[in-house]
Every structure is written in C-alpha cells, then in structure tokens.
Amino acid sequence: MNLDIERGLSGNRDVRIVRRRLTGTSRIRETQNQTDKIFKYGKKKPRRKLPKYSVIVALNIVLLCFIVSSKRRHRHCLVKPGVKPVIEFFLHGRGSGHWTGSWGLMEILLEKGYDLRVYATKPIPSYSKHVNSSSLLQILAGEQVDEKEAASPPIVNYSLVADIMPGMSVFEILSVLRKRLWRQETKEYPFMMISDGDFPGALQSYLYGIPSIYTTHGQMFTANPPPASLPGKLISDWNHQSRLNGRSSMWTTYQLGFNHVPFLSNPLPRPRLRSEILKMAHERAARIEAYQGFQKSHPLVVTYFRDKNGERVIKFLLQEGLDVVVFGEEPTFRESLPGRLIPVSDETYFVQFMGIADGIVASGGCILQAECVYAQIPMLALYLKDDTEHELNVYMSRELKYKDGKRLIYGFSFEELFAHSVALPAEAHLFLKSVRESNASSSFYETSGHKIDTSSFIYHNELLKGMIESSDILIKIIEKEKRISMCKN
C-alpha cells in the first residue's frame with residue numbers, strides 16, 4: 001500500500017492531504033473536508049480563551065464557597081435574650097425604585113425593634129425635604145430658599161457595597177462576588193437576611209446557612225403565568241423576566257413578590273409604601289376636596305427619568321403649554337416655548353412636588369407607578385423598546401381602571417413619542433386630557449397661606465381596596481424564623 005503526501009496551501013497554513021490508492025481509486029480522509037472548509041470560509045478563527053485572571057478568580061470563588069460553607073451558623077442560637085435581633089437588608093439597583101420600594105419595609109422593621117443593618121449599592125438619600133407653601137412657591141419661581149427648616153437625617157445608617165450590573169465582564173463579576181461573599185469573623189451574624197434584587201446578598205445567605213427573603217416586584221413574573229390578554233411578544237418577555245428573577249432568587253429561603261395590580265391569576269400583596277407618600281396622598285386629597293374649584297393656571301407636571309434620557313419628552317410637554325418641574329437632569333435647549341421650565345436639582349423635594357402636581361412623567365418603574373396609583377395622580381410612564389421589564393410594568397398598569405373606565409397610568413415607548421411627527425400616540429392625548437382636568441396645582445396656588453384641617457379627612461382609594469400589604473407577610477415570616485433561631489435557656 002503506497003501513500004502519497006501532497007501539500008496544499010490555504011492562507012498561511014499548510015494542509016496535508018492523505019490519499020490512499022486502492023485498486024485504482026483514492027479515498028480522501030477527513031482532512032480533505034477540513035481543507036475544503038478552509039478554502040471556502042478562509043482561515044479558521046482560534047478558539048476564544050478566558051483571560052487567565054478570570055480563571056484564577058473563578059477558582060478563588062469556588063474555594064471561598066467551600067470555606068464559607070464550613071462556617072455555616074447554627075440557626076437555633078442567632079437570637080439572644082435581651083439583645084436586639086439583627087437583620088441585614090441588601091438593596092440593589094441603579095435607579096430609585098428599589099430603595100423607595102424597600103423604604104416602607106425598613107420603617108416597619110425599625111418600628112418592630114429590630115437592629116437593621118443596610119447594605120446598598122448606591123447612596124440612599126435622606127427623608128424628603130418639606131418646606132412651607134411660601135418657600136415652595138419660591139422654588140416654583142426659580143428662587144433660592146433657606147433649607148434649614150427642610151434638613152432631615154437619613155432614614156437609616158447604611159454601608160455601600162459593590163454590585164453586579166449589566167455590561168460587566170466575567171472578571172468584574174467574579175471580583176464583586178469575591179468581595180461580597182467573605183464575612184469578617186468579628187462581624188455579628190444576623191438571624192435573617194433580606195435581599196431586594198441583590199444576587200450577591202442572596203448567595204451569601206445561602207452559603208452561610210442564614211434564612212433569607214428575596215422581595216422585589218420582579219417576583220410577579222415568577223409567581224404568575226403570563227396573562228392571556230398579553231400580545232405574543234410580551235408573553236416571551238414575561239417568560240424571560242420569570243427566568244431572570246427565578247435565577248436571582250433561587251438561593252433564598254422565601255420569595256415575596258408584590259405589585260399594585262389586583263387582577264393577576266395568583267394575586268400578590270401591594271407594596272408597602274413609605275410613610276411620606278401616605279402622608280402626601282392624604283394631604284393632597286384633603287386639599288383638593290377643600291378647594292372644589294377648576295384649573296385656573298397652567299397645569300403642573302413633574303418629571304424624572306432614571307437614564308437621563310428625557311430631554312425630548314420635556315420639550316414636548318413645554319410645547320403643550322405645561323409648567324414642567326424637572327428632577328435629575330437639566331435640558332440643554334434654549335428655545336422659547338409656551339410652557340415654563342422649572343429645574344430642581346435637589347431630588348429630596350420630589351415627594352412634596354408630587355403632592356401639588358397635576359401629573360407625573362417618568363420612566364416605567366413599578367414603585368413610582370404604585371405611588372401614583374395610591375395618591376391618585378395621573379402618570380405617563382415611558383420605556384425604551386428593549387427594556388422589557390418597564391414595558392410589562394406599563395402594560396399591566398394600563399389595565400388598572402375605575403368602574404367608569406377612567407385610568408391613572410398611561411404609557412408608551414420613547415420611540416413612539418419621538419416619531420410623533422406622523423401622529424401623536426393616543427395615550428399621550430389621554431394623559432394630557434387627564435392633566436388638564438386636574439385641579440391639584442390650582443388647589444395649592446389658591447389655598448397656599450391657608451391651613452387646611454386634614455385630621456378629620458378619611459382617605460379612600462377604590463383601586464387598591466381589599467389588597468394586603470407586603471409588610472404583613474414579611475413580618476409573619478420574620479417572626480416565625482425568630483422563634484426558630486431563639487437561644488434556649
């Protein structure tokens with residue numbers, strides 16, 4: 001049997017073709033097929049390798065998990081008599097929704113006497129500032145006010161920690177996990193950990209054997225199948241969010257979802273709102289009822305956009321003749337428009353401006369929508385087409401209606417508004433109509449300087465009637481785990 005070795009050239013690579021001559025015919029081995037592919041597609045791309053540092057850090061994470069698991073605490077003696085039980089609360093998020101959504105829960109835990117240790121991935125602001133009506137009128141006029149009366153302490157002491165964010169490389173994610181999973185031996189162990197969307201905090205609770213609660217509005221997608229009324233694209237988006245939240249919460253003992261829409265197949269509790277929202281809604285409704293008048297000025301709209309992408313939206317509102325209070329960003333355009341632009345740099349005034357606004361225009365986060373529904377403020381919620389969570393939030397909130405069909409939440413994508421040269425979306429017309437029918441800002445202007453007695457006023461919200469609060473379930477879980485973890489004398 002004779003063998004011929006022929007050499008073929010492909011780019012910069014020599015390819016050997018082995019031919020076997022048998023009874024006048026030749027058979028080409030698999031190397032010939034590889035040669036054909038090389039000539040057809042060009043030079044083969046080298047297999048992509050992970051950076052050496054990523055492999056080293058990954059091995060460190062695995063080793064750290066074994067070390068951490070060996071230090072798991074006995075649950076029966078994490079709560080000691082005469083000592084405040086320790087609870088660790090982890091807050092995640094690049095916007096304001098997670099900490100505003102957890103604010104009400106933290107207030108309840110502090111009232112119940114727990115030693116609350118908060119770890120946040122971004123700074124937590126202080127309580128909202130409150131000034132008298134004359135000072136608020138000064139801010140609306142663009143004047144500076146004395147903020148001494150408005151100063152307030154942070155809701156709770158907290159520590160800043162690293163977070164896993166979209167767009168991070170594998171090496172960056174592993175580095176964050178390595179920092180977050182290690183606990184100092186001198187640090188007192190909690191008997192309960194609560195994670196609001198924070199994956200490293202959830203994983204840490206599992207490795208140390210500490211009971212944990214994963215509470216976030218995203219659990220709505222995990223706890224419920226997609227509603228039958230959803231369009232096909234949104235059904236796949238719902239399932240994607242369900243898998244995403246399922247992976248984040250898989251390490252926790254309990255999963256507690258919440259949402260302000262009561263018509264899900266598996267109804268969830270509504271979010272526990274912070275006390276200042278409850279107070280604002282009560283005072284706003286009492287002032288509107290005492291005024292009983294019509295809109296006498298330009299409607300007032302408050303805006304906030306998480307991703308600082310609202311300049312064109314603000315310009316649209318000004319073109320419609322609205323007074324626009326802008327938080328979070330200051331537009332760069334300088335055209336003379338029918339409306340009045342009122343930039344406010346201090347975001348801690350946001351709740352007080354909500355109380356006098358005829359409408360809110362903002363990104364489509366769940367918590368702000370829930371706050372607007374509770375306070376009965378019309379809201380235009382906008383989202384980017386590739387932000388599936390915000391799109392689903394808006395779609396569900398738009399289904400929330402009064403008996404007469406009136407709605408509070410309107411919404412569509414930024415892209416639809418930017419293309420309104422063809423036709424303004426119908427949702428925009430409905431929102432503008434609702435804002436112009438409101439008398440909230442006029443009730444403030446007309447009654448400023450007059451004290452309104454709100455003590456006898458009873459606030460009622462028909463849309464949320466019969467829904468329990470997420471804090472009720474949270475406290476029941478914590479009390480149960482507290483009994484298990486109590487030291488026995």
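The secondary structure of the chain comprises 17 helices and 15 strands, where helices (H or I, at least four residues) and strands (E, at least two) are DSSP runs numbered from the N terminus. This is a predicted model in which local features need pLDDT of at least 70 and side-chain atom pairs count only at pLDDT 80 or more, while totals for chains, interfaces and linings use all residues. Residues are numbered from 1 along each chain as its sequence is written, and side-chain values use heavy atoms, with hydrogens and water left out.

User: What percentage of the residues of the chain count as buried?

Analyst: Buried means under 20% relative accessible area, exposed over 50%, and partly exposed in between (1.4 Å probe, protein chains only). Of the 489 residues of the chain, the buried share is 50%.

User: Is Asp387 buried or exposed?

Analyst: Asp387 lies in the loop between strand S14 (379-383) and helix H13 (388-398). Because its relative accessible area is 17%, Asp387 is classed as buried.

User: How many Å apart in space are Asp387 and Asp237, C-alpha to C-alpha?

Analyst: In sequence, Asp387 and Asp237 are 150 residues apart. Their C-alpha to C-alpha separation in space is 9.6 Å.

User: How many disulfides does the structure hold?

Analyst: A disulfide is a pair of cysteine sulfur atoms within 2.5 Å. Cys366 is buried at a relative accessible area of 2%, and Cys372 is buried at 0%. The number of disulfides in the structure is zero.
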